[in-house]
Amino acid sequence: MNEMEINILRKVKWILLAILFSLSLGFEYTRHVVMEGRSLSSILPSMVFFGIIIISLVLGTFSKIESLMREILHSKEELKWAQEQWWQQTFDSMDEGVFISDADLTIVRANRALGRLLNASIEELVGRKCYEVVHNTKEPIENCPLLKSKKSMKAEYLEYYEPNLGRWLSVSSWPIMKDDKMTGSVQVIKDITELKKAEESLRESEERFRMVTEKSLAGVYIIQDGKFRYVNPALAEIFGYTPDEIIDKLGPLDLTHPDDRPLVAENIRKRMHGEVESIQYTFQGIKKDGTPIICEALGRHVDYHGRSAIIGTLLDITDRKRLEEALKSSEKRLKTIFESIPTGIVIIDAESHRIMDANPTAVKMIDAPRERIIGSICHQFICPAERGKCPITDLGKTVDHSERVLLKADGQSIPILKTVIPIVLDDRKYLVESFVDIEKQKQLEESLKRSLEELKAISEIDRNIIESPDLSTMLKFIVEKARKLTGSDAAIYSFVEDDVIVHHTSVGIRTKALEKIRLKRGTGLGWLAIQKNKPIVVEDFFTDKRLKDAPYDAVREEGLVSFLAVPVTSRGGDPLGILYVANRRKTKFTKQQQRALTTLAVQTAVAVEHAKLLEETKKAYEELKSLDKMKSNIISNVSHELRTPITIVKGALELVRFEEDPAERNRLLKIALNALRRQDRIVENLVEAARMEKAEIKLSLEDVNLAHIVPLVVGEIKPILAMRDLKIELDVSEDLPPVKADYEQLMRVFRNLLDNAVKFNREGGRIVVSARKRDGEVLVCVSDTGIGIPRGELERVFDRFYQVDSSTSRPYGGMGMGLAVAKEIVEAHGGRIWAESRPGEGSKFYFTLPAKRS
Amino acid sequence: MANILLVDDEPEIRFLARKMLENAGHTVVEAEDGEECLELLKSSRPDLILMDVRMPGDNGWEICRKIKKNRKTRLIPVVMFTVRTSPESVEKSKRYALADGHINKPFDKEELVAVVEDVLRKSKA
């Protein structure tokens, strides 16, 4: 009961009063006036009275009611206040800020929590517009739940961030309804900042989890009841499935290679039963398409939805395994290189200058145990630089392929060529020093120099071949080079002559023993080299089993022990000679020496062949020259020969003029005639010789009887025979068969032979012409008793250009032409011609002609 | 009148030269070659030697030189008698063989006698 009710009661009182009053008046009126007909005025007093009674009755009653009500109301209000107090207290004790507003959004009531929340006292809040105090705005905010609930007539909720307060708030509005009309509302404002934060972090961690699991490259799984309850996409992908194909459908054993199923099953069991918390292990999995893969799983026992489960990660380490293998082999390769490279390599920690590693070459060069080297500080140990003066780390210099010094363990320093490369490995600086022993370099240079010397020697030989055509000079030069190039005690060149090797030229030799050696084919070192056709190295000449019948005595006498022999062969492969080098002490000739000598041998072959060629050319040139000389001699001879008969003719005719004795005149004329005939013969022979030189003799063959032809020719020379007091005998048998011959040419042969016999006979000498049959041919001989022909000249008298030097003596062949012409003719007939002679006793000229077969 | 030794291997030449010299009043002794000439000189001393160059055995120049190098015979005048007409041959006769004269073949009777007598005159002077 409240004031309003009282007011209502009051209104009800008055209404009731009016109604009762009207009703009583109406009743009185109706009864008296209508029914009784009485006038209004007559009844007025009773009516007034009646009215008063009613009014007093009603008023009295109502007053009583009212007072009662008031009393009730009062007691009610007291109760209400108490109630109010209770409310307020309750209100205030709430954690949430609560206020009650009226329909106009004015705060009518607020609790302390709200005051605390908004930093204001309750008095400051009540009576003000709620948006003013809560949002500090002049208008309600856009999605004000209070306004919303006013519209929807339902409770509304809003969470929002209040920038004024810097906090997250939640606002709940409950409308206060009266007669379906909202008269106000109750707002509960909560500070949800912490909640929000928690929510945010939850969301974040959820997100993170999602990220981790969904995006993870590692497979993530939850196994329960033998099935996968969860797998992330990565895991599904590892096995070639989609997550949906696995989750709740497949179990871990479905993805395991049959071989490894017992292992996996056992591992799962152990964790499910809590025997172990977690296991990390590798097993062979199997993909959807059957491809085997290597998996590494790490899983632990967890409670999932209140029951035992395993959560874990899984990696496909197939590639890693392969990579590991590849890395291992590449590392092995690098290691091998490091270990076997002939360059010294030392790895030094750039900060501490401690040697971290050294390869065997470096260890060998430093010459200390590896354990002593590793861990030592490089300064003053392998490098002469002092601490703090390292060119690389301290002075900022670079060492690149420069000549340095390496300290050995014994303090000795050796020259090296060094390169230092600073590297960074795992954020640590190192120096990689690589170096080579320059001694070797120097050796290399030395060998290069030697090669150059070889080259020089070769070119010198080449030049010498051109410049010195004399073989002996050349070979002397070659053996000297051979000795110098090989650095040996002695060098020898021997030449091959038919089946024997003979000493030719040598240097560094003390005795004459070697010069006498004549190696027969198949014996000694020389023939061995020729037979093998390659350089032969003999360390000890006296014990080498390969040598047969070697000239041990001569070599011992000379004092040589070790040999290197290289055959000198012509371009056609014929052995020309042997080039030897030898030492007096026992040594083994090196490959390089062999190479040098082989090169020289090739040059020697060229030189020898060249010289031989030159000799031949020289010989041919000399022949040509002598031929030319012969030609001029022939001219001189011819003129001489021609002039002699002219002299005779001239002298004879001159004397004839003054001669009176007819017999003497006749004699002189005969002399002149003979001289002319002689001249004719000379001219004829000359012409014939020239003709024969150009073409073959043309023979017109007929049967010729020698018994007939010989006296004819002899008859021609009778006067000369008489003049020289020569006797001639003919011994031509009558039964001699005729020969097939050219008559004129055969006459010429006889004439020339007889001329010759006359010319070289002594005065009073004898000439014999004989002819006889012999083995199907006719043998003719013209012999004289002249001065004869020296043995060595017998062959040459038939030479067309033959003559002994005409300036010193008369040629035996006269002009040379006569016998040469005779030879040509006889040979054209198919016969032979030759001479036999005993100097001082005479000469015999023979020729044969084929006899005519009868 | 002189005694002349004629050395030539050609009998015809010897015959003709002898005739010419004899016609001029000289006496002639013949030799066939250098060897015979030297042999003759051992036993006789001619007034002049007429010698061919081209002969079997040692040639005329060599023989002449021997004669001229021999103390016993070096004063005997020698005339070379040759068909070698080149200036070199004439020079060789004088310088090498140390001959006193030179006659070319073919020769005239007059020339032969004139040269021989000229050399004889000079040698006597």
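Student: Which residues does K476(A) touch, leaving out those up to four places away in sequence?

Tutor: K476(A) touches T505(A), S506(A) and V507(A), where contact means heavy atoms within 4.5 Å. This is a predicted model, in which local features need pLDDT of at least 70, side-chain atom pairs count only at pLDDT 80 or more, and totals for chains, interfaces and linings use all residues. Side-chain values use heavy atoms, with hydrogens and water left out.

Student: How far apart are K476(A) and S506(A) in sequence and in space?

Tutor: They are 30 residues apart in sequence, and 7.0 Å separates them in space, C-alpha to C-alpha.

Student: And where does K476(A) sit?

Tutor: K476(A) lies in helix α15 (residues 471-486) of chain A, helices being DSSP runs (H or I, at least four residues) numbered from the N terminus. Because its relative accessibility is 37%, K476(A) counts as partly exposed (between buried, under 20% relative accessible area, and exposed, over 50%, with a 1.4 Å probe and protein chains only).

Student: New topic: which residues of α23(A) are buried?

Tutor: They are M817(A), G818(A), L819(A), A820(A), V821(A), A822(A), I825(A) and V826(A). After α23(A) comes G830(A), whose phi is positive, near 90 degrees.

Student: Over to chain B: at what angle do the axes of α2 and α3 cross?

Tutor: The axes of helix α2 (residues 34-43) of chain B and helix α3 (residues 60-69) of chain B cross at roughly 20 degrees and come within 10 Å; the axes are lines fitted to C-alpha atoms over the stretch in contact, with angles running from 0 to 180 degrees between N-to-C directions. That makes α2(B) roughly parallel to α3(B) (angles under 35 degrees).

Student: Which residues make that contact?

Tutor: G34(B), C37(B), L38(B) and L41(B) of α2(B) meet I63(B), K66(B) and I67(B) of α3(B).

Technical notes. Residues are numbered from 1 along each chain as its sequence is written. Chains are lettered from A and ligands numbered from 1 in the order in which they are written. Helices (H or I, at least four residues) and strands (E, at least two) are DSSP runs, numbered from the N terminus. Angles under 35 degrees count as roughly parallel, over 145 as roughly antiparallel, 65 to 115 as roughly perpendicular and the rest as oblique.
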